[in-house]
Amino acid sequence: MDTVSKEDFELVRKVYNKNDHIITADRYISYYNSNAAEGVIFLEISGDLNHIDRELLDVFNKNILAAFENLCLNKEIGKTQREILFLLGEVTEARSEETGNHVKRVSEYSRILAEKYGLTESEIMLITMAAPIHDIGKIAISDSILKKPGKLTPEEFEIIKTHTTIGYNILKTSNRDLLKTATIIAYEHHEKYNGKGYPRGLKGEEIHIYGRIVAVADVFDALGSPRVYKNPG
Ligand SMILES: [Fe+2]
Ligand SMILES: [Fe+2]
């Protein structure tokens, strides 16, 4: 790999320290600083730079900067979405007195299962991000039922079951892939492979793979965690 000569390094340092640009006969070095990043663009050109070349390089420079900013913004949006979904998940987690970090663990187990199953990169990302809000429908279930210690009556259990359809109804209007994934998960994470789950009693592969994966992740985590209404071991 070529290394930068001492002279070039000095030029880059000068441009960086002065937040400026230097154009020589065969070099174009320009400092940039935006909300997203700070750095120096260095271009070595064969042949002399005429006036038009310099203007073109300026346009080129601005395009690189815009592309770079977009990249950083997209990353930022992705990170923000992820955080919002975790926070939303934690709100329901806190209300239903799930053990701490349940939603984070369910998300992580879902990611591992999705990877092992062979889902695509983008599907793995969608399921990992949407899994934390699988119980979002619980926001509409009253505390007296959600936090009731001991066994629920059959009527109360019927009410608890509605958190799946409530979650579905909250999320279903969105056309965004992420929220469409969350809709499936909210609706199907209590379905069972043998058809004895709820709310629709779907069987086997009638249950979407996202629903099957999060169901396994959710139960796996619940098995090892104490809750209000049960105490394993
Ligand atoms: Fe649930
Ligand atoms: Fe859960």
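**View 1. Helices α7 and α8 are roughly antiparallel to each other in this predicted model.** Helix α7 (residues 163–171) and α8 pack with their axes 7 Å apart, at an angle of about 165°; an angle over 145 degrees counts as roughly antiparallel. Axes are lines fitted to C-alpha atoms, for helices over the stretch in contact, and angles run from 0 to 180 degrees between N-to-C directions. Helices are DSSP runs of H or I with at least four residues, strands are runs of E with at least two, and both are numbered from the N terminus. The crossing of α7 and α8 is left-handed, that is, the near helix is turned anticlockwise from the far one by less than a right angle, whereas clockwise would be right-handed. On the α7 side the contact is made by T164, G167, Y168 and L171, and on the α8 side by L179, A182, T183, A186 and Y187. Two residues are in contact if their C-beta atoms, placed from the backbone, lie within 7 Å. By class, this contact has six nonpolar, three polar and no charged residues. Ala, Val, Leu, Ile, Met, Phe, Trp, Tyr, Cys and Pro count as nonpolar, Asp, Glu, Lys and Arg as charged, and the others, Gly among them, as polar.

**View 2. Helix α3 crosses helix α4 at roughly 160°.** The axes of α3 (residues 102–117) and α4 (residues 121–130) come within 8 Å. The crossing angle makes α3 roughly antiparallel to α4, and the crossing is right-handed. S107, S110, R111, A114 and E115 of α3 meet E123, I124, I127 and T128 of α4. Three nonpolar, three polar and three charged residues make up this contact.

**View 3. G118 sits in the loop between α3 and α4.** With 8 C-beta neighbours inside 10 Å, G118 counts as exposed. G118 and R82 are 36 residues apart along the chain, and their C-alpha atoms are separated by 22 Å.

**View 4. The largest nonpolar core has 25 residues.** A nonpolar core is a set of buried Ala, Val, Leu, Ile, Met, Phe, Trp, Tyr and Cys residues joined through C-beta atoms within 7 Å. A130, I185 and V214 have the most contacts inside the core. Two or more residues come from each of α3, α4, α8 (177–188) and α9 (209–223), and α8 gives the most, with six. Not counting residues up to four places away in sequence, V214 touches V106, S110, A131, H134, I185 and H189.

**View 5. The peptide bond from Y198 to P199 is cis.** Its omega is near 5°. P199 is found in the loop between α8 and α9. Most peptide bonds are trans.

**View 6. N19 has a positive phi of about 50° although it is not a glycine.** N19 lies in the loop between α1 (6–18) and β1 (21–23). With 11 C-beta neighbours inside 10 Å, N19 counts as exposed.

**Notes to all views.** Residues are numbered from 1 along each chain as its sequence is written, with chains lettered from A and ligands numbered from 1 in the order in which they are written. In this predicted model, local features need pLDDT of at least 70 and side-chain atom pairs count only at pLDDT 80 or more, while totals for chains, interfaces and linings use all residues.

Methods: Angles under 35 degrees count as roughly parallel, over 145 as roughly antiparallel, 65 to 115 as roughly perpendicular and the rest as oblique. A residue is buried if 20 or more other C-beta atoms lie within 10 Å of its own, exposed if 12 or fewer, and partly exposed in between; C-beta atoms are placed from the backbone.
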